[in-house]
Amino acid sequence: MSATASAYLARPGRPAVVARTLAELTGPTAGIVELPVRLMWSSERAFDLADPDELLWMYENVLRETSRVDDLRELIHAGTLRRVWPLLNLPRGVRLAWEGRHRSLRAA
């Protein structure tokens, strides 16, 4: 796995997955994104990135549910992540894992 799987948990039994660098996060910044079922079990899996609430909801789901760094690379955009980081409602383990690896997010 090319991510940092830390001792922090995204939820019981699932380690938080963190990208090694923010630069590798090259996901979309506009348009409609449909998450795969493994990340979002609801039938409503499409998110309009122009809608701030939908963007936050998508990022929260991806960061909480992923077990693959490729999901992070394909769905999360580094600049957008920095911008919305303080607004994200994340499990404590996910937040601590990401901020431990990417100290710049702490100041965001």
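This note reviews the salt bridges of the structure above.

1. The structure is a predicted model, in which local features need pLDDT of at least 70 and side-chain atom pairs count only at pLDDT 80 or more, while totals for chains, interfaces and linings use all residues. Residues are numbered from 1 along each chain as its sequence is written, and side-chain values use heavy atoms, with hydrogens and water left out.

2. A salt bridge is taken as a side-chain nitrogen of Lys or Arg within 4 Å of a carboxyl oxygen of Asp or Glu. This rule gives 9 salt bridges.

3. One of them pairs Glu-65 with Arg-11, with 3.2 Å between the closest N and O atoms. Because Glu-65 belongs to helix α1 (residues 52-65) and Arg-11 to strand β1 (residues 3-11), the pair ties together parts that are 54 residues apart in sequence. Helices (H or I, at least four residues) and strands (E, at least two) are DSSP runs, numbered from the N terminus. Glu-65 is buried at 5% relative accessible area, whereas Arg-11 is partly exposed at 30%. Here buried means under 20% relative accessible area, exposed over 50%, and partly exposed in between (1.4 Å probe, protein chains only).

4. Arg-73 and Asp-70 form a salt bridge at 2.9 Å, N to O. Both lie in helix α2 (residues 69-75), 3 residues apart, so about one helical turn separates them. Arg-73 is partly exposed at 25% relative accessibility, and Asp-70 is partly exposed at 33%.

5. In helix α4 (residues 92-101), Arg-95 and Glu-99 are 4 residues apart, about one helical turn. Their salt bridge has its closest N and O atoms 3.8 Å apart. Glu-99 is buried, at 16% relative accessibility.
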